[in-house]
Amino acid sequence: MNIEAVELRRVAIPLVSPFRTSFSTQTRRDVLLVRVVTDQAEGWAECVAIADPLYSSEYTDAAHRVIADHLLPRLFAATRVNADLVAPLLRPVRGHRMAKAAVETAVLDAQLKASGVSLSSHLGATATHVDSGVSVSIYDEIPALLGAVESYLLAGYRRIKLKIQPGWDIEPVAAVRERFGSQICLQVDANSAYTRSDARHLATLDEFGLLMIEQPLDEEDVAGHAELARIVRTPICLDESIVSAQTAYEAIRADACAIINIKPGRVGGYLEARRVHDLCAAAGIPVWAGGMLETGIGRSANLALAGLPNFTLPSDISASDRYFQQDLTEPITMSADGRIEIPKGPGIGVAPIPHVLKELTVSTQVLKP
Ligand code: NPG
């Protein structure tokens, strides 16, 4: 394919309710969309970086700059491009995996749309539906949390993930177990809010039969997670620490995790995400797809990935209405029994609705070779 132009579009979408984690409270999703126009088709992708560098070092403005100033010039310098060539072309630029993932995914979407192949079949998905889990904010009070969990359970979500932090951990977990029983699938996510000295405290979560504790310690503290895994019985899942197949390999070898959350943006794209999946499958480590408040663009692509066979745990892929009153694409919907269908159309299977996109766009920049 020849790339004719790349559009970098900034979009702001209000969230239906504030999303509070141990690192921030988000009330709006600032999205950077990448549209690649080629001689054969056009492709869309969403960069998952958030507005501030609080989840990882990447953030939206930086992703925008690095794509415009460093990634696209490398892509434009190549005579012909396909998705497999993108990562090697961008390799000289260090880090910036979320930015690289967006560029690669837009090229991949264009390529697959041109050849009429869906992303799910390109990646090797074997499932037609994904088990949907929901991530639940930190609240000021337990009753508000219980109200939220109740509404998600009534909607059909198959698994509840509670965001935790020091001071909001044992009590909310105990309250949810007491109110909704031991049958519901429950896990917690700390977004690295704890330190090694909290090991005994975290072990008190063992009595609640949680599916996993996600990323309790700092992203660089792989050895700490391995130590923790010897003290805490609840399986440890890594998110922020896993930025590539290589780091997944190191973490598994170190016995730092029993489960891995795969976020394509965090590992540099869907092709690397598939490598992480394959490596985990070979090592007997189950995986699930993380989410980063994606619009329908990113969410559809995540559904394709989550159809791979080692995605055996419910993913953070909720229906559009969990976050947005109006999604950028046709809304992603969940069945009453908590399953979401994987798109079958070419590429990511969706595209933005033009008038919605226009309404929510904050700025547009077009770059050409
Ligand atoms: O359902 O899309 C979703 C969000 C799931 O909790 C979720 N995401 O720490 O994994 C996380 C968190 C997140 C959201 C992280 C936005 C970074 C940005």
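A salt bridge is counted where a side-chain nitrogen of Lys or Arg lies within 4 Å of a carboxyl oxygen of Asp or Glu. The model is predicted, so local features need pLDDT of at least 70 and side-chain atom pairs count only at pLDDT 80 or more, while totals for chains, interfaces and linings use all residues. Residues are numbered from 1 along each chain as its sequence is written, and side-chain values use heavy atoms, with hydrogens and water left out.

**Salt bridges**

Side chains of opposite charge can pair when their charged atoms come close. By the rule above, the count comes to 23 salt bridges. R159, K161, K163, D189, E214 and D316 are linked in a network of such bridges. Three further pairs are set out below.

| Pair | Closest N to O |
|---|---|
| D131 and R339 | 3.4 Å |

Helices (H or I, at least four residues) and strands (E, at least two) are DSSP runs, numbered from the N terminus.

Burial is judged by relative accessible area: buried means under 20%, exposed over 50%, and partly exposed in between (1.4 Å probe, protein chains only). D131, at 27%, is partly exposed. R158 counts as partly exposed at 34%, and R339 counts as partly exposed at 30%.

**Nonpolar core**

A nonpolar core is a set of buried Ala, Val, Leu, Ile, Met, Phe, Trp, Tyr and Cys residues joined through side-chain atoms within 4.5 Å. The largest one has 125 residues, and I67, L162 and I260 have the most contacts inside it. Helix α3 gives the most to this core, with nine residues. Domain 1 (3-116 + 350-367) and domain 2 (121-341) both contribute residues, so the core lies between them. The domain bounds come from an automatic or database domain assignment.

**Pockets**

On a 1 Å grid over the protein atoms alone, a pocket is an open set of points where a 1.4 Å probe fits, with protein on both sides within 12 Å along at least five of seven lines; lining residues have an atom within 4 Å of a point. A volume is the space filled by probe spheres set on the points.

The largest pocket has a volume of about 380 Å³. Of the 16 residues that line the largest pocket, A87, R91, R97, K100 and V267 are the closest to its centre. Helices α2 (83-90), α3 (97-115) and α11 (270-283) each supply at least two residues of this lining. Both domain 1 and domain 2 give residues to the lining, so the largest pocket lies between them.

The second largest pocket holds about 190 Å³ of space. Its lining includes Y55, H96, R97, E219 and R266. Domain 1 and domain 2 both give residues to this lining too, so the second largest pocket lies between them.
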